[in-house]
Amino acid sequence: MLHGQWRHLDRNLVAFSTTPPLGLNGTGWLLLHPEGNIAFEAAPFYTDDMLAEIDRLGGIRFLAASHVHGYGALWQLQDVFRPEVLAIQKEDLWLTKAFRVTWPYDEALELRPGLTLYHVGGHYEGQAVLHDAARRILFCGDTFKVDQDADGSSTAVSTHKAFHKSIPLTPAEIRRYREVIAPLDFDTVCTPFEHAPGIGREIALAVLDDQLCGPPGVRHIPLDELRRRIAG
């Protein structure tokens, strides 16, 4: 039997997930805001109690995802809450038959001041990140993969074209990631699968610089090593 659960994290962020694992087993992030909540990525399915909790928290005004690995049950959230915006970067529109995109965008889309989607490509042609300036969180899709212990402690960070097959990104793709991410201020990343406080801009850029300094590869760089590099 499928069970839904949610966790209230700091910074008015709620994480929705299911057990047992279903599909890619992604996380649906709900960013609470007095002028309307934002859902980014989606759980693989939303049970009645999960939907009731979202409704209790104020529903959904804006809905978006980084790329297809974060779509999950976006269709369900759109059907139930009728958000005024469902935003997907234009290069990934061919992957969206399960729901109706209401706001395709080019290189960036500001959903509200300080909450902006940026096209980064790389892992998927239309992959985007969501930067929340007020929360100092980068919802990074699969731009980064964070290895974590069972207790949720982050141990290493990598970037990849295809994680499970260890296919690296090209130098141009890495440079595009860096161009977009370098101006952004954040101290936490959220992938479709991990909530990673402490993974900030300097660590993210150190991972990308590692890729640009050597041959392409999927390298799981220990967090301690990244911190030493930053410290000099």
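Biologist: Which helices each supply at least two residues of the lining of the largest cavity?
Modeller: This is a predicted model. The lining of the largest cavity includes Leu169, Ile174, Gln211 and Pro216. Two helices each supply at least two residues of that lining: helix 3 (171–181) and helix 4 (201–212).

Biologist: How much space lies in the largest cavity?
Modeller: The structure holds two cavities of 30 Å³ or more. Among the residues lining the largest one are Thr170, Pro171, Leu212, Gly214 and Pro215. The space in this largest cavity is about 50 Å³.

Biologist: Which residues of helix 3 are buried, and why do they line one face of the helix?
Modeller: Take the cover first: strand 9, strand 10, strand 11 and helix 4 are among the elements over the buried residues of helix 3. Seen down the axis of helix 3, those buried residues fall within an arc of 130 degrees, so they line one face. They are Glu173, Ile174, Tyr177, Val180 and Ile181.

Biologist: Which residues does glycine 122 touch, leaving out those up to four places away in sequence?
Modeller: Glycine 122 sits in the loop between strand 9 and strand 10. Glycine 122 has a relative accessible area of 10%. Buried means under 20%, so glycine 122 counts as buried. Beyond four places away in sequence, its contacts are Lys161, Leu169, Glu173 and Tyr177.

Biologist: How many Å separate the C-alpha atoms of glycine 122 and arginine 176?
Modeller: Glycine 122 belongs to the loop between strand 9 and strand 10. Arginine 176 lies 54 residues away from glycine 122 along the chain.

Biologist: Which strands are the edge strands of the six-stranded sheet?
Modeller: This open sheet has the order 8-9-10-11-14-15, with mixed pairing. Its neighbouring strands are turned by 15 degrees against each other on average, direction ignored. An edge strand pairs on one side only, as do strand 8 (108–112) and strand 15 (195–197).

Biologist: Is strand 10 enclosed or open, and how many of its residues are buried?
Modeller: Side chains in a regular strand alternate between the two faces of the sheet. On one side of strand 10, Ala128, Leu130 and Asp132 are buried; on the other, Val129 and His131 are buried. Strand 10 is largely enclosed by the rest of the structure because its buried residues number five of five.

Biologist: Which residue in strand 10 is the bridge partner of leucine 115?
Modeller: Strand 9 (residues 115–119) and strand 10 run antiparallel and are joined by five bridges. Leucine 115 has its bridge partner in strand 10: aspartate 132.

Biologist: In the hairpin of strand 10 and strand 11, which residue takes a positive phi?
Modeller: Strand 10 (residues 128–132) and strand 11 (residues 137–139) are antiparallel, with three bridges. Histidine 131 stands opposite leucine 138. Four residues lie between the two strands, and the positive phi, near 60 degrees, belongs to arginine 136.

Biologist: What is the average twist from one strand to the next in the sheet of seven strands?
Modeller: That sheet is open, with mixed pairing and the order 1-2-3-4-5-6-7. Strand 1 and strand 7 (103–105) each have a single partner strand, so one side of each is left without a neighbour in the sheet. From one strand to the next, the twist averages 20 degrees.

Biologist: Which residue in strand 3 does valine 14 stand opposite?
Modeller: Strand 2 and strand 3 run antiparallel, joined by four bridges. Opposite valine 14 stands leucine 30.

Biologist: Which exposed residues lie on the face of helix 1 turned away from its buried side?
Modeller: Helix 1 (residues 48–56) buries Met50, Leu51, Glu53 and Ile54. These cover an arc of only 160 degrees around the axis, which puts them on the same side of helix 1. Their cover includes strand 1 (3–9), strand 2 (13–19), strand 3 (28–31) and helix 2 (74–81). The face turned away carries the exposed Asp48, Asp55 and Arg56.

Biologist: At what angle does helix 2 run to strand 5?
Modeller: Helix 1 lies across strand 1, strand 2 and strand 3, at about 30 degrees to strand 1. Helix 2 lies across strand 4 (38–40), strand 5 (62–64) and strand 6 (85–89). To strand 5, helix 2 runs at about 165 degrees.

Notes: Residues are numbered from 1 along each chain as its sequence is written. This is a predicted model: local features need pLDDT of at least 70, side-chain atom pairs count only at pLDDT 80 or more; totals for chains, interfaces and linings use all residues. Side-chain values use heavy atoms; hydrogens and water are left out. Buried means under 20% relative accessible area, exposed over 50%, partly exposed in between (1.4 Å probe, protein chains only). The arc is that of the directions from the helix axis to the C-beta atoms. Contact means heavy atoms within 4.5 Å. Two strands pair if DSSP finds at least two bridges between them. Axes are lines fitted to C-alpha atoms, for helices over the stretch in contact, and angles run from 0 to 180 degrees between N-to-C directions. On a 1 Å grid over the protein atoms alone, a cavity is a set of points where a 1.4 Å probe fits but cannot get out, and a pocket is an open set with protein on both sides within 12 Å along at least five of seven lines; lining residues have an atom within 4 Å of a point. Grid points are joined across faces, edges and corners, and a volume is the space filled by probe spheres set on the points.
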